[in-house]
Amino acid sequence: MTAPIPAAALAVMAAAADDYRVATPRDEQHPAGLAQTVATYLLSAGYEVRPMEDLPSGGWGGPLPAAPVTADEAARHRADLLAALDEEDAA
């Protein structure tokens with residue numbers, strides 16, 4: 001099993017996603033652009049972005065989704081992420 005992602009790294013990723021959605025016109029948004037923005041933010045915050053060679057398929061908790069994430073699903077995931085960050089801050 002992989003180590004949990006630090007709350008600070010999750011906050012950097014959430015900020016990157018928010019900035020991407022605000023700064024990029026909706027018709028120009030795509031997963032690769034979001035991923036690039038998140039990676040850039042993580043690198044600028046001092047994190048390493050590299051593959052884990054020993055990560056088995058599905059080791060992150062399940063298979064990749066078969067279809068692109070809808071806006072509603074993205075909103076739910078973001079709400080879950082922010083709730084998890086709030087819980088860690090309260091602890």
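**Exercise 1. State the accessible surface of the protein and the share that belongs to carbon and sulfur atoms.**

Solution. Start with the total: the accessible surface (Shrake-Rupley method, 1.4 Å probe) comes to about 7100 Å². Carbon and sulfur atoms hold 60% of that surface. Next, burial: 16% of the 91 residues count as buried, meaning under 20% relative accessible area with a 1.4 Å probe, protein chains only.

A word on the model: it is predicted, local features need pLDDT of at least 70, side-chain atom pairs count only at pLDDT 80 or more, and totals for chains, interfaces and linings use all residues. Residues are numbered from 1 along each chain as its sequence is written, and side-chain values use heavy atoms, with hydrogens and water left out.

**Exercise 2. Check the span of helix 2.**

Solution. First place the helix: the protein has three helices and zero strands, where helices are DSSP runs of H or I with at least four residues, strands are E runs of at least two, and numbering starts from the N terminus. Helix 2 covers residues 31-44. Its 14 residues, at 1.5 Å a residue, should span 20 Å; the expected span is 1.5 Å times one less than the number of residues. The end C-alpha atoms lie 20 Å apart, so the two agree.

**Exercise 3. Is threonine 37 buried or exposed?**

Solution. Threonine 37 counts as buried because its relative accessibility is 17%. Then look for partners: beyond neighbours within four places in sequence, threonine 37 is in contact (heavy atoms within 4.5 Å) with Ala16 and Tyr20. Finally, widen the view: the cover of helix 2's buried residues includes helix 1 (7-23).

Methods. Buried means under 20% relative accessible area, exposed over 50%, partly exposed in between (1.4 Å probe, protein chains only).
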